[in-house]
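Here are my notes for a first read of this one. Have the structure open beside you and take the points in order.

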Amino acid sequence: MKNPVHPVRRLTAAALISAAVFEASAANFSSGSTGADGPLNVTSNTVVQLPADGVLNYTTITVGVSNSLTFKRNVLNTPVYLLATGDVVIDGSINVNGGTGSVAPLSGGLGGPGGFDGGAGGFTSADNVLPGGAGMGPGGGLPGPGGNYNFNGAGAGAYGARPPAANALDGVAYGSRLLIPLVGGSGGGGVNGDPNRGGGGGGGAVLVASNTRITVSSTGSIVARSGEAVEVSRYNSGSGGAVRLVAPRVYGTGTLDVRSTTSTVNDQFRSGGAGRIRVDSIFKVEPTNPAGENLSLVFVPSPSASVGSTMIVFPPSVPSLSIVSAAGQAIAEGALAPVQVQLPFGSNTNQLITVRARNFGADVPIRVSLIPANGDPISYDTNIVNTAVNPAEVTVNAGFPLNALVNVQVWTR
């Protein structure tokens with residue numbers, strides 16, 4: 001008999017929270033851009049490496065017709081924050097789509113920047129069918145069997161809505177219509193016993209803000225769609241992602257698209273849940289505008305969108321959750337990279353995880369989820385009393401599965 005091994009546990013933390021809203025006049029609104037990155041003028045297909053915090057500080061942003069702007073994920077896979085002191089004009093496309101199912105055996109599709117990865121497919125041995133992995137994120141789909149258009153197959157990811165097909169393995173909706181905080185879509189689950197059938201990655205998250213105006217022309221688009229499941233396995237896609245625009249004036253007739261998948265064929269069968277769209281501006285219609293501009297953007301799908309005047313990019317005090325200890329190893333709050341903890345041979349599978357809550361001012365319900373590379377997640381629900389004490393902590397006794405790489409996440413709804 002082989003000796004049991006405790007492999008690396010990867011630990012990440014994130015919070016889904018509501019925040020205070022603010023209104024401002026055009027005269028005093030600031031996107032927060034320092035202008036340090038100068039003007040961005042996209043005249044050919046361009047890929048931008050995201051900095052560690054995901055924040056890009058431009059003076060102006062112009063994306064030319066038929067040109068695309070995409071991004072390379074950073075280590076923490078943060079959302080994309082495109083900030084400008086001047087005008088933003090989008091005649092081409094900004095794209096934060098998730099990746100397709102298995103790009104390699106035992107792999108799910110990558111989430112777009114700020115989105116979550118799909119679960120890996122399982123494999124079959126002579127005497128065992130290994131389950132697939134669950135999609136990452138709070139709306140991740142669960143692993144399940146294969147088969148075309150199988151409503152009982154591996155689950156699809158959810159975000160602003162659940163997937164349209166009735167599958168108990170699909171993820172559940174989460175997040176705020178305000179997109180504060182900004183977060184991307186969740187991944188689809190992997191197929192049991194098939195290493196080439198990982199779930200699609202969730203659509204990413206992008207915020208575009210300008211001190212002056214944002215124009216998305218009729219040829220322009222901002223797209224945060226999910227990755228598909230692979231062609232034969234059409235039901236375990238990720239969910240759509242998030243698009244938010246903030247400026248005193250937002251104009252145009254272009255498209256903001258947060259649908260799941262990149263296909264229009266049999267969408268009712270193969271689709272994950274849609275993402276979220278939010279547009280915040282002060283002047284939505286200006287009859288005296290010489291160009292006759294108004295807010296006539298196309299929202300796809302339209303139920304995912306909301307429009308208002310929440311004129312803030314980064315809230316002044318954002319509540320946060322952090323994993324600060326796992327299996328006896330301290331983890332610095334605000335660590336700039338995922339943390340890996342490897343348990344020594346023969347360790348107890350029950351290990352303590354400490355979660356810190358900051359700036360909620362409330363009794364915070366949380367869920368600590370252990371998401372193994374194969375099989376269903378293991379979740380623990382508890383509360384952190386973050387009222388009189390700030391920050392406040394709680395410790396969870398979690399049972400880790402043997403011989404498995406486990407991703408640990410913590411959420412609050």
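1. One term before anything else: a salt bridge here is a side-chain nitrogen of Lys or Arg within 4 Å of a carboxyl oxygen of Asp or Glu. Side chains of opposite charge can pair when their charged atoms come close. With that in hand, look at Asp280 and Arg244, whose side chains meet in a salt bridge at 3.0 Å, N to O. Asp280 lies in strand β16 (residues 276-280) and Arg244 in strand β13, so the pair ties together parts that are 36 residues apart in sequence.

2. Some ground rules. This is a predicted model, where local features need pLDDT of at least 70 and side-chain atom pairs count only at pLDDT 80 or more, while totals for chains, interfaces and linings use all residues. Residues are numbered from 1 along each chain as its sequence is written, and side-chain values use heavy atoms, with hydrogens and water left out.

3. Back to that pair: are the two residues buried or exposed? Asp280 is buried, with a relative accessible area of 0%, and Arg244 is buried too, at 1%. Buried means under 20% relative accessible area, exposed means over 50%, and partly exposed is in between (1.4 Å probe, protein chains only).

4. Now the whole chain. The protein chain has one helix and 26 strands; these are DSSP runs numbered from the N terminus, with helices being H or I of at least four residues and strands E of at least two. Of its 413 residues, 54% count as buried.

5. Where does β13 sit? Six strands form an open sheet in the order β4-β7-β10-β13-β16-β18, with parallel pairing. Two strands pair if DSSP finds at least two bridges between them. β4 (55-58) and β18 (305-308) stand at the edges, and each has a single partner strand, so one side of each is left without a neighbour in the sheet. Within this sheet, five bridges join β10 (residues 205-210) to β13 (residues 242-246), and Val206 stands opposite Val243 in β13.

6. For an antiparallel pair, go to β23 (residues 362-372) and β24 (residues 378-386), which are joined by nine bridges. Arg367 has Asp381 in β24 as its bridge partner. The hairpin of these strands has five residues between them, and there Gly375 takes a positive phi near 105°.

7. While you are in β23, stop at Ser369. At 8% relative accessibility, Ser369 counts as buried. What does Ser369 contact, leaving aside its neighbours within four places in sequence? The list is Ile378, Ser379, Asn407, Val408 and Gln409. The side chains of Ser369 and Ser379 are joined by a polar contact of 3.1 Å. (A polar contact is a pair of N or O atoms within 3.5 Å; within protein, one must be able to donate a hydrogen and the other to accept it, and residues adjacent in sequence count only if both atoms are side-chain atoms.)

8. How many salt bridges does a search of the whole structure find? Ten. One of them joins Arg73 and Asp117, the closest N and O atoms being 3.0 Å apart. Arg73 is in the loop between β6 and β7 (80-84) and Asp117 in the loop between β9 (93-95) and β10, so to speak linking distant parts of the chain, 44 residues apart. Arg73 is partly exposed at 27%, and Asp117 is partly exposed at 25%.

9. There is a network as well: Glu333, Arg356, Arg358 and Glu393 are linked by salt bridges. In the Arg358 and Glu333 pair, the side chains meet at 2.9 Å, N to O. Arg358 is partly exposed at 27%, and Glu333 at 30% counts as partly exposed.

10. Last, some backbone details to check. Cis peptide bonds join Val300 to Pro301, with omega about -10°, and Asn390 to Pro391, with omega near 0°. Pro301 is in the loop between β17 (298-300) and β18; Pro391 lies in the loop between β24 and β25 (392-399). Ser66 has a positive phi near 70° without being a glycine, and at 68% relative accessibility it counts as exposed.

Terms used. Contact means heavy atoms within 4.5 Å.
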